[in-house]
Amino acid sequence: MAVALILVLIAVGSVVFHLVSPWWWTPIASNWRYIDNTIIITFWITGAVFVAVILFMAYCVYRFRHQAGRQAHYEPENKRLEWWLTIVTGVGVAAMLAPGLFVWQQFITVPDDATDIEIFGQQWQWSFRLPGPDGQLATSDTRLISPDNPLGINRDDPKSQDDVVIEGGELHLPVNRPVKALLRSADVLHDFYVPEFRAKMDLVPGQVSFIWFTPTRTGTFEILCAELCGVGHPQMRGKVIVQEESDYQAWLQDKAPTSFARLTPDAMSGTAVPD
Amino acid sequence: MVDVPLGSAGVVTAPDVEDVELYHPHSWVTKYVFSQDAKVIAIQYAFVALSVGLIALVLSWLMRLQLGFPGVFSFIDANAYYQFVTMHGMMMVVYVLTALFLGGFGNYLIPLMVGARDMVFPYVNMLSFWIYFLAVFILVASFFAPGGPTGAGWTLYPPQAITSGTPGGQEWGIILMLVSLMVFIIGFTMGGLNYVVTVLQARARGMTLMRMPLTVWGIFTASFMALLAFPALFVGAVMMLFDRMLGTSFFMPAMVEMGQPLDRNGGSPLLFQHLFWFFGHPEVYIVALPAFGIVSDLISTHARRNIFGYRMMVWALLAIGALSFVVWAHHMYVSGMNPYFGFFFATTTLIIAIPTAIKVYNWILTLWRGDIHLTVPMLFALAFIVTFVNGGLTGLFLGNVVVDVPLSDTMFVVAHFHMVMGVAPILVIFGAIYHWYPKVTGRMLNDGLGKLHFWVTFLGAYAIFFPMHYLGLMGIPRRYHDIGDMAFVPPSAHTLNAFITIVALIVGATQLAFVFNLFWSLRHGREAGGNPWRATTLEWQTPETPPPHGNWGRDVPVVYRWAYDYSVPGADQDFLPQNQPGPTRATTGAGHG
């Protein structure tokens with residue numbers, strides 16, 4: 001009796017906790033509302049199954065508890081019941097998988113109008129590179145990294161002249177414009193994670209991975225590293241500041257002096273100051 | 001084949017020859033230390049694995065102290081924290097759960113349950129344990145090595161695992177870890193071959209595969225899988241050891257370490273992840289399948305009812321085992337691998353939910369219309385179902401590629417895998433120990449202490465890990481030794497962390513009651529007799545309890561029925577042992593014996 005009651009309390013208590021707990025996801029700030037929706041669908045289906053299974057168990061423990069004279073029912077199998085349960089489970093799984101794969105297709109299909117930016121990780125700080133007026137990032141190589149070229153940008157690439165480099169600082173993005181973030185690491189694995197964007201992807205040394213999203217709300221959000229990268233892992237923080245287009249442009253103008261052109265010896269002579 | 005005459009009591013009469021003198025051990029050393037008796041080896045495995053488990057428990061306390069009360073305990077700095085996390089994880093997954101289920105329960109139960117006298121290669125079996133012991137020794141030694149143990153996380157991802165930003169990366173820690181794993185795998189391979197061959201070759205007369213208890217099916221399938229999965233980890237470990245010690249670049253791309261370019265080029269960090277998880281995912285089921293098998297037998301015995309849908313249970317075990325080899329990259333959805341892999345691995349992963357759900361249904365349908373005795377083993381089995389269903393369902397979040405994206409690498413993952421492959425299998429281990437302790441020692445464990453142990457462990461573990469999901473849902477990453485200030489984390493989350501820590505301390509301390517019970521009951525437990533649970537399987541039908549070397553005395557049993565003849569209509573008791581002749585199930589109307 002007590003055992004059955006505790007099982008009921010676990011089922012009911014878990015649902016109540018889910019509904020009233022103050023711990024829930026952050027208000028979304030990107031286009032990935034679909035991900036949230038898929039999670040909600042999954043919560044409904046799995047929650048229903050959890051409650052059904054535990055309550056059925058509680059019923060059995062109460063109803064079929066040992067009593068003098070009780071004999072268990074001898075029934076090795078019940079093909080009909082087993083097949084029905086299998087089919088119903090298959091339908092439930094499909095109901096979660098189908099929207100999941102549909103949204104995944106969107107997640108990995110970068111829209112044509114997305115702007116390339118670069119997110120660069122090293123132990124234990126974030127750096128960023130924005131394309132200048134040409135809208136394109138120059139090529140890069142880890143082997144080119146040096147104190148005056150911290151991201152290893154290829155200086156022979158003409159597109160490097162107007163790239164804006166922000167070391168260890170804040171990433172500014174215009175609201176409602178899709179970005180494709182190219183992810184690079186100088187040393188070990190890192191992971192670009194902004195809880196409000198829902199999106200997340202590893203930075204892998206030796207290759208360029210990517211992620212795309214559209215910030216949908218202005219504000220300042222925390223960038224966390226979500227892949228263990230050594231003892232400084234929790235300290236690897238950054239900020240992403242989503243701004244209205246005009247504010248963003250004003251900031252970009254301000255940043256022009258730190259564009260890659262300004263950092264290169266050639267540019268110091270003053271011919272190629274980007275607009 | 002020689003036609004062996006059947007004795008009247010359902011035994012094969014041995015030819016009239018004397019017991020072979022060389023067969024039995026003669027000295028204390030060959031009986032208890034370098035023993036070739038699977039039952040002694042089982043106890044050795046279990047004792048060492050449980051000891052490692054206690055170390056891992058203390059490590060988890062230290063971690064939780066830091067997470068619950070950051071900064072209060074100054075000796076838990078970032079280095080120490082990551083070392084504790086890493087060692088806790090690796091110890092629990094490999095050196096405790098794998099060793100205990102396969103080396104411990106496998107050794108004790110396989111020969112007894114299939115009606116064999118011992119494992120087929122007793123000498124190799126002995127070596128298996130001592131090599132495992134050596135692996136544990138090397139692993140524990142890393143605590144005392146310069147720089148301490150590795151803090152790379154149990155996944156040991158390069159380049160981080162072998163670079164200077166990680167504790168033990170450029171010192172001894174990672175080397176000892178890799179060597180210990182390699183030694184473990186060598187030892188396991190010896191044991192695993194034994195378990196598989198014994199099941200295939202040494203079953204008693206009449207013990208067809210489809211009459212085997214599900215415990216044997218679970219351990220057998222898991223051993224087979226481990227033989228296929230561990231080699232991937234072995235080669236990964238060899239390559240990483242080369243990268244660390246010889247300067248090769250299997251996993252090392254061109255990179256800059258703390259401002260200094262390294263002389264490496266062309267290696268692939270993702271290659272290691274594929275190797276690791278090709279081992280690592282089957283590993284989850286290597287731990288889970290023995291637990292599935294054991295819990296099936298616990299439920300059936302203590303509900304006095306045949307396991308529901310036995311054949312479906314066997315096929316589900318095999319299906320899960322096979323599918324588990326094609327789902328590994330669901331650990332890598334956000335690793336930067338080709339994103340199109342996501343479609344394939346999400347589909348295979350969610351398909352696994354179907355055979356797994358069948359098992360759950362059949363467990364609860366075994367309870368339905370049963371005669372449920374709420375013994376301590378049964379309580380643990382019920383608690384297993386609760387935690388396993390909970391953890392299995394959150395697996396549907398993480399397996400469904402796009403849902404994994406926000407949750408990956410957060411506390412949600414930590415909560416999920418602890419619930420499903422930490423708490424759930426450990427509850428089965430406890431249930432199994434309460435269940436088989438009478439056979440091993442001849443005495444019952446104390447019931448009151450057992451119930452105390454059960455309730456605190458079950459409710460405590462649930463209170464630890466259920467709310468933890470919500471911290472992850474909020475976005476708190478895992479493997480942060482200090483959350484620090486995050487704008488989106490409310491103060492209440494820190495309170496929750498402190499609560500979790502306090503519960504973890506209580507649950508951990510309660511395990512001492514269990515350890516005490518194990519030792520106290522050796523002398524003071526109630527006399528059990530040979531078959532205290534009135535169970536059908538062969539290990540309960542031995543002529544002596546505890547069974548001596550050779551298990552069966554003069555005559556090996558003959559099997560007449562499946563393992564689940566409980567409450568057969570018309571029988572004069574509510575269980576029919578497997579070696580009891582008489583009406584088979586075919587005459588009671590059921591189909592498959």
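Q: How far apart are the end C-alpha atoms of residues 41-62 of chain A?
A: In this predicted model, residues 41-62 of chain A are 100% helix and 0% strand. UniProt, in an unreviewed entry, places a "transmembrane region" at these residues and at 83-104 of chain A. For residues 41-62, the distance between the end C-alpha atoms is 32 Å.

Q: What is the end-to-end C-alpha distance of residues 83-104 of chain A?
A: Residues 83-104 of chain A also carry the "transmembrane region" feature in the unreviewed UniProt entry. The span is 100% helix and 0% strand. Its end C-alpha atoms are separated by 31 Å.

Q: What percentage of residues 112-254 of chain A is strand?
A: The unreviewed UniProt entry gives residues 112-254 of chain A as "domain: Cytochrome oxidase subunit II copper A binding". Helix makes up 7% of this stretch, and its end C-alpha atoms are 28 Å apart. The strand content is 40%.

Q: Which strands stand at the edges of the open sheet of 5 strands in chain A?
A: The sheet has mixed pairing and runs in the order S4-S10-S9-S6-S7. From one strand to the next, the twist averages 25°. A strand with a single partner has one side left without a neighbour in the sheet, so the edge strands of chain A are S4 and S7.

Q: Which residue of S10(A) is the bridge partner of A:His172?
A: S4(A) and S10(A), residues 237-243, pair in the parallel sense over 5 bridges. Helix H4 (residues 245-255) of chain A packs on the sheet and touches S4 and S10 of chain A, its direction making about 135° with that of S4(A). Within S10(A), the partner of A:His172 is A:Ile241.

Q: Which residue in the turn between S6(A) and S7(A) has a positive phi?
A: S6(A), residues 190-193, and S7(A), residues 200-203, pair in the antiparallel sense over 4 bridges. One of the bridges joins A:His190 to A:Leu203 in S7(A). The two strands form a hairpin with 6 residues between them, and the residue with a positive phi, about 70°, is A:Arg198.

Q: Are H3(B) and H4(B) roughly parallel or roughly antiparallel to each other?
A: The axes of H3(B), residues 78-114, and H4(B), residues 122-141, come within 13 Å and cross at roughly 170°. In the contact, B:Tyr95, B:Ala99 and B:Gly103 of H3(B) meet B:Phe129, B:Tyr132, B:Val136 and B:Leu139 of H4(B). These residues divide into 6 nonpolar, 1 polar and no charged. Angles over 145 degrees count as roughly antiparallel, and the two helices are therefore roughly antiparallel.

Q: What is the handedness of the crossing of H7(B) and H9(B)?
A: H7(B), residues 269-302, packs against H9(B) at an angle of about 15°, with the axes 9 Å apart. An angle under 35 degrees counts as roughly parallel, and the helices are therefore roughly parallel to each other. Among the residues that meet are B:Phe292 and B:Ile299 of H7(B) and B:Trp363 and B:Leu367 of H9(B). The crossing is left-handed.

Q: Which helix gives the largest share of the side of chain B that touches chain A?
A: The contact takes 79 residues from chain A and 97 residues from chain B. On the chain B side, the residues divide into 64 nonpolar, 23 polar and 10 charged. The largest share is 13 residues, and it comes from residues 341-367 of chain B, helix H9.

Notes:
Residues are numbered from 1 along each chain as its sequence is written. Chains are lettered from A and ligands numbered from 1 in the order in which they are written. This is a predicted model: local features need pLDDT of at least 70, side-chain atom pairs count only at pLDDT 80 or more; totals for chains, interfaces and linings use all residues. Two residues are in contact if their C-beta atoms, placed from the backbone, lie within 7 Å. Ala, Val, Leu, Ile, Met, Phe, Trp, Tyr, Cys and Pro count as nonpolar, Asp, Glu, Lys and Arg as charged, and the others, Gly among them, as polar. Axes are lines fitted to C-alpha atoms, for helices over the stretch in contact, and angles run from 0 to 180 degrees between N-to-C directions. Angles under 35 degrees count as roughly parallel, over 145 as roughly antiparallel, 65 to 115 as roughly perpendicular and the rest as oblique. A crossing is left-handed if the near helix is turned anticlockwise from the far one by less than a right angle, and right-handed if clockwise. UniProt positions are given in the numbering used here, feature names are shortened, and annotations may be inferred rather than shown by experiment. Two strands pair if DSSP finds at least two bridges between them.
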